[in-house]
Amino acid sequence: MYISNTYKPFLHPNRIIAFTTTCQTLKFHPLLNLHLYSPTPTPSSLSLRFKFTTTSDPHSFTVSYLVNSCGFSPESALTVSQKFRLNNPQKPDSVLAFFRNRGFSNSQIHGIIKRQLPLLLSDPDKVLLPKFEFLASKGVSRADIVRMVSIGPRFLSRSLENHIVPSYEFVRGFLQSDDQLIACMNRNSSFLSDGRFALNSELLIDNGVKRSDIAKLLRRWPSILCSANLLKTITELKGMGFVPSTSSFCVALLAKRTVNKAKWDEKVETFKKWGWSQEHVLEAFKRQPYCMLSSADKINAVMSYFVSQLGCDSLELVRSPVVFQLSLQKRLIPRASVVDYLNSKGLRKKDASMTTPFALPEKLFLKRFVKRFKEHSSHLLKMYEKNMNRENTCL
């Protein structure tokens with residue numbers, strides 16, 4: 001086998017052992033592949049292929065351990081090892097065993113370690129176990145703990161006494177029970193580790209948002225309370241005319257925080273295509289902020305149905321934008337069949353609102369538009385139920 005003079009400085013026995021060990025981790029054997037390399041390698045190829053020959057043992061061990069025990073790729077392990085070192089397997093082995101003994105899969109463990117590397121150097125009995133015991137003491141199931149920790153492993157790096165317990169009690173002050181809090185954590189447990197939660201909650205209260213509305217945010221959209229620069233959005237909504245003490249304010253907050261500018265502009269243009277102005281869009285948003293959480297396709301479908309099939313003026317929907325969040329298949333089309341029948345029989349006033357029947361709760365709709373007309377109620381109910389159950393490809 002030909003070996004270029006260029007490589008001979010690397011063939012000292014000690015260097016061969018260190019280099020071979022690392023390269024085996026990376027799935028190739030240096031001595032078996034030297035003859036495949038160019039006799040005059042470039043400096044860049046030398047730095048890549050022989051980088052490990054001059055590194056210290058902790059460096060090589062770190063790369064090997066992250067690849068073989070934690071599921072890292074050789075490339076990512078090498079990158080990580082530039083700033084993070086393991087000297088021996090004792091602590092990291094105990095951490096990995098801790099997770100495995102509690103039902104975490106290899107992929108879940110890899111995800112946790114990748115996001116919270118310092119955990120490999122921790123004492124699991126002192127750092128990890130108390131946090132698991134805390135969650136269990138509140139009624140969180142073993143399976144839910146695994147899922148929560150896998151999704152939000154930063155929780156394990158925060159102080160139990162100084163952060164996690166105070167955060168838990170702070171949230172409980174809004175939700176009033178451990179059961180509700182656990183349900184909230186199942187959706188998003190980041191508030192236990194994110195310091196922005198308490199600050200954002202206090203910011204909302206200072207601006208007039210009710211505690212009951214903050215509790216609603218926690219139950220349905222907890223990530224909003226852990227978002228950055230919330231004051232900017234609060235100020236923007238107040239400038240639009242939203243009043244923080246109203247329940248619609250939190251829905252508007254959700255829309256502005258979760259719909260990016262490109263999607264927002266796309267929806268505005270979709271409304272404009274049907275004859276709305278910028279002012280109409282703002283008015284509808286203020287009346288029912290949910291309308292900006294509907295997709296552009298859904299907006300088009302609803303507009304098309306009301307304008308093209310029901311003969312409604314698109315501007316009438318500005319006053320009742322709730323229709324954009326309702327199902328065409330399960331709500332709009334079945335009720336439209338009832339309204340159309342009543343109109344054909346002259347049982348509704350000609351100037352009656354086209355949108356009112358669709359916004360009513362189910363029981364009130366049946367009372368006012370079906371049961372009220374005793375001679376026709378049986379037919380109306382059958383027609384309504386038939387349209388409710390039929391297959392429909394609309395959105």
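**Spaces and packing**

Author: The second largest cavity holds about 40 Å³ of space. This is a predicted model, where local features need pLDDT of at least 70, side-chain atom pairs count only at pLDDT 80 or more, and totals for chains, interfaces and linings use all residues. Residues are numbered from 1 along each chain as its sequence is written, and side-chain values use heavy atoms, without hydrogens and water.

Now the terms. On a 1 Å grid over the protein atoms alone, a cavity is a set of points where a 1.4 Å probe fits but cannot get out. A pocket is an open set with protein on both sides within 12 Å along at least five of seven lines. Lining residues have an atom within 4 Å of a point. Points are joined across faces, edges and corners, and a volume is the space filled by probe spheres set on them.

There are three cavities of 30 Å³ or more. (Ala, Val, Leu, Ile, Met, Phe, Trp, Tyr, Cys and Pro count as nonpolar, Asp, Glu, Lys and Arg as charged, and the others, Gly among them, as polar.)

Next, the largest pocket. Its volume is about 230 Å³. Its lining includes Leu342, Arg348, Lys349, Phe369 and Arg372. Helix H20 (356–359) and helix H21 (362–371) each give two or more residues to this lining. By class, the pocket lining has six nonpolar, two polar and four charged residues. Helices here are DSSP runs (H or I, at least four residues), numbered from the N terminus.

H21 also packs against helix H19 (residues 328–344), at about 20° with the axes 11 Å apart. H19 is therefore roughly parallel to H21. (Axes are lines fitted to C-alpha atoms over the stretch in contact, and angles run from 0 to 180 degrees between N-to-C directions. Under 35 degrees is roughly parallel, over 145 roughly antiparallel, 65 to 115 roughly perpendicular, and the rest oblique.) The crossing of H19 and H21 is left-handed. That word applies if the near helix is turned anticlockwise from the far one by less than a right angle, and right-handed if clockwise. Arg335, Val338 and Leu342 of H19 touch Glu362, Phe365, Phe369 and Val370 of H21. Contact means heavy atoms within 4.5 Å. This contact has five nonpolar, no polar and two charged residues. Leu342 and Phe369 also line the largest pocket.

Another pair is helix H12 (residues 196–206) with helix H14 (residues 230–240). Their axes lie 10 Å apart at about 20°, so H12 and H14 are roughly parallel. Their crossing is right-handed. Asn200, Leu203 and Leu204 of H12 meet Leu230, Leu231 and Ile234 of H14. The count is five nonpolar, one polar and no charged.

Last, helix H6 (residues 90–101) and helix H7 (residues 106–115). Their axes come within 10 Å and cross at roughly 135°. H6 and H7 are therefore oblique to each other. H6 passes H7 in a right-handed crossing. Val95, Leu96, Phe99 and Arg100 of H6 make the contact with Asn106, Ile109, Ile112 and Ile113 of H7. Six of these residues are nonpolar, one is polar and one is charged.
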